[in-house]
Each structure stands twice: as structure tokens, then as C-alpha cells.
Amino acid sequence: MKKKIFSGVQPTGNLHLGNYLGAIKNFVYLNNDTQNECIFCVVDLHAITVSQNPKELKSNIHETVATFVASGIDPKKSIIFNQSQVSAHSEAAWILSCVARMGWLNRMTQFKEKAGKDKEKASIGLYSYPVLMAADILLYDSTHVPVGDDQKQHLELCRDIAQKFNNDYKIDNFFIVPEPLIKKEFSRIMSLKDGLKKMSKSEVSELSRINLTDDNDQIINKIKKAKTDTLPLPSTTEELEKRPEAKNLIGIYSSLTNNTLQKSIDKFAGKNFSEFKEKLSDIVVNEINPISLKIKKLLDDKVFLEKILKDGCEKADEIASKKIKKIHEIVGF
Ligand code: AQP
């Protein structure tokens with residue numbers, strides 16, 4: 001049985017090392033396996049759950065497609081499209097929002113984090129975001145969803161929605177209950193300025209993240225300025241656990257070198273951060289520089305990027321419109 005893979009990335013600019021290591025690198029790996037049918041979506045409907053500048057949104061959509069391709073996703077093997085161009089997503093989201101329960105959504109920690117103290121002023125879209133995410137996934141009978149650790153709770157909600165719909169309408173397996181694909185280690189990359197906060201596109205400080213469009217000097221400078229403690233690097237995982245900034249940097253190193261955490265600890269135990277940071281900079285530059293150069297080149301060819309989206313939309317629409325038609329029949333429209 002072929003695995004049906006679906007995942008999305010918001011075109012909110014500043015795609016970073018966290019998005020790459022938590023999600024996009026895994027997309028590339030899945031794209032390269034001929035046993036998989038992959039769909040990678042630029043989730044622009046999700047992006048407008050917080051205010052966006054329309055001109056920037058358009059260019060961020062292009063940047064996200066360019067990042068997918070520059071990282072190694074082949075648009076001939078995988079479907080790449082933007083969500084707003086396939087109307088079944090919005091339609092299915094409404095129907096599924098009549099299946100999802102308020103109590104389930106009230107538990108979503110990402111809404112609490114993003115809405116902050118002023119929940120009353122958050123958009124309804126930000127609150128119901130996970131229902132749209134469920135629609136995205138379920139429309140394509142996706143069996144597996146590669147995401148970073150921060151999306152785990154939303155995926156559990158998607159599974160609950162699929163099961164409740166199947167039960168309510170008494171149709172076994174109409175919606176496939178998808179499995180998360182979350183890497184065991186290094187699935188949450190943290191801010192370079194605070195090892196307890198996730199690396200994020202919307203963080204104001206540029207020094208908190210390594211953008212995939214950063215040049216070599218920017219990367220080296222950001223790693224040099226990354227927060228650390230004053231002790232030498234630890235020699236055990238127990239000690240590392242208590243030092244979030246060191247854990248994050250060692251985690252990034254391990255992820256990029258395909259090493260276990262233990263191997264990286266053994267390599268740098270007792271060394272000072274300046275020596276380690278030099279090695280880390282080399283590894284990050286080595287991985288990100290070719291991607292950064294390709295992104296810039298692809299962004300000069302908007303016609304090519306638009307063609308990828310147009311072709312992808314046609315393929316995605318063909319699948320999604322069949323599914324939404326069946327959903328209409330099931331609910332009695
Ligand atoms: N820090 C992270 N570590 C590991 N994985 C991450 N992802 C995001 N941040 C990290 C994963 O990247 C994929 C795309 O994320 P997204 O852009 O759709 O949404 P997000 O999780 O809201 O990303 P950000 O950077 O935190 O954006 P803002 O600041 O706009 O909210 C997802 O698979 C996600 O898990």
C-alpha cells in the first residue's frame with residue numbers, strides 16, 4: 001500500500017531552520033521514496049488567521065514554493081499547491097466545524113499561546129484553525145502527516161474529528177484516520193535567544209532564528225550571538241536536559257550531522273561554546289547555503305513558481321472535489 005502523505009506550511013515569511021529540520025527536510029525524504037504519494041500545501045488560508053499584508057502574502061507564497069523546491073521537493077513527484085485555490089478546503093472546514101466540539105478546541109495550546117492574554121481580540125479563524133487543518137488532511141485520504149512536534153495536538157484533534165464523522169454518519173473508514181510522522185529527536189527547534197521558546201517566524205528578533213534565506217555571514221553571526229550558559233559543554237544527557245540553550249544547539253548539530261545526541265555530547269564534552277559554535281556554524285552553513293542560493297534564484301522566476309502552483313492546484317482539486325462531493329451526499333445536501 002502506498003503511503004499518502006500530506007503536510008502544509010504557512011506562507012508567513014521568514015521560513016527558518018526549525019521549519020526545515022522539523023518538517024521540510026522530512027518532506028524531501030518522503031518525496032524521494034517512490035512508495036509515497038505526497039502533497040505539500042502552502043496553507044495561505046491558515047496564514048490569514050493573523051493579519052497579513054496582501055502584497056507580502058503573495059510574495060511569501062512564492063517564497064514557500066521556492067523553499068520547497070530549493071530544499072529538494074520535486075514538483076514532478078509531489079503535488080505542490082496553495083490551499084486557497086482549492087475551494088473544497090474551506091467547504092470541508094465548515095462541515096467539520098459542525099462535527100468538532102468546543103471542548104476539544106478549548107484545549108488547543110497553540111491558540112492559547114498565539115492569542116496571548118487578549119483572547120477576546122483573537123480572530124475566530126485562529127481559534128478554529130485546527131478544524132481547517134483537519135479538512136486539509138482528510139480531503140486527500142492522507143495516511144501520514146509529517147509535522148514538527150508543535151503540531152502534535154492538532155493532529156490528534158484531526159483524528160478525533162475523522163472518527164466522530166465516521167461514527168456520526170455510520171460510515172466506517174470514510175475518513176482515513178491519519179498517523180503523525182514526528183521525528184523522535186530534534187522535532188522542536190528552539191529560539192537562539194531562549195531555549196524554552198520554539199524558533200518561530202513571527203518572533204520579532206531576527207537573532208532568534210536562522211532563516212533559510214540567510215547568507216553565510218548572517219548565519220555565523222547569529223550562531224555566535226546565540227544564548228548559552230557559562231559552563232563548558234556537558235558530558236551526559238542528564239546534564240544536557242537541565243541546560244535548554246546547550247540542548248538546542250547540540251540538537252541542531254546532531255540533526256544536521258545525522259548523529260545521536262549522545263554521539264554529539266561525547267564529541268564536545270568539556271569543550272567551550274566558542275569552539276563548538278565554530279563547528280556548528282560550518283555545519284549549518286554547509287546545509288543552508290545551497291538552499292539559500294537556490295531560493296534566491298527561483299524567486300527571480302515567478303512564471304516557473306506560478307506554473308508549479310497551477311499544475312499542483314489542478315491535481316489537488318481533482319482529488320478534493322471528488323471527496324467533497326461524497327461528503328455532501330453523506331450529510332444529506
Ligand atoms: N521551531 C520548530 N521546530 C520544529 N518544527 C517546527 N515547525 C515550525 N516551527 C518549528 C514545523 O514547521 C511546519 C510548518 O509550520 P507553519 O509555518 O505552518 O506553522 P508554525 O508551526 O506556526 O510555524 P512558526 O514558525 O511558529 O510560525 P509563526 O511564528 O507564524 O507561528 C510545521 O510542521 C511545524 O510543526
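How do the residues of the lining of the largest cavity divide into nonpolar, polar and charged? The first legend has the answer. This is a predicted model, where local features need pLDDT of at least 70, side-chain atom pairs count only at pLDDT 80 or more, and totals for chains, interfaces and linings use all residues. Residues are numbered from 1 along each chain as its sequence is written, and side-chain values use heavy atoms, with hydrogens and water left out.

**View A. The lining of the largest cavity holds 6 nonpolar, 3 polar and 1 charged residue.** Here Ala, Val, Leu, Ile, Met, Phe, Trp, Tyr, Cys and Pro count as nonpolar, Asp, Glu, Lys and Arg as charged, and the others, Gly among them, as polar. Among the lining residues you will find Thr49, Met108, Lys114 and His154. Helix H7 (124-138) gives the largest share, 4 residues. Helices (H or I, at least four residues) and strands (E, at least two) are DSSP runs, numbered from the N terminus.

**View B. Strand E3 (residues 79-82) is covered on both faces.** Ile79 and Phe81 lie on one side and Ile80 and Asn82 on the other, all of them buried (under 20% relative accessible area, 1.4 Å probe, protein chains only). Strand E2 (residues 36-42) runs parallel to E3, joined by 4 bridges; strands pair if DSSP finds at least two bridges between them. Have a look at cysteine 41, whose bridge partner in E3 is phenylalanine 81.

**View C. The ligand is surrounded by 22 residues.** Lys114, Asp150, Ser200, Lys201 and Ser202 are the closest. A ligand oxygen atom sits 2.5 Å from an N or O atom in the side chain of serine 202. A ligand nitrogen atom is 2.7 Å from a polar backbone atom of isoleucine 189.

Definitions and conventions
Buried < 20%, exposed > 50% of the residue type's maximum accessible area, 1.4 Å probe, protein only. 1 Å grid on protein atoms, 1.4 Å probe; cavity = no way out; pocket = protein on both sides within 12 Å on 5 of 7 lines; lining within 4 Å. Near = heavy atom within 4 Å. Polar contact = N/O pair within 3.5 Å; in protein donor to acceptor, adjacent residues only side chain to side chain.
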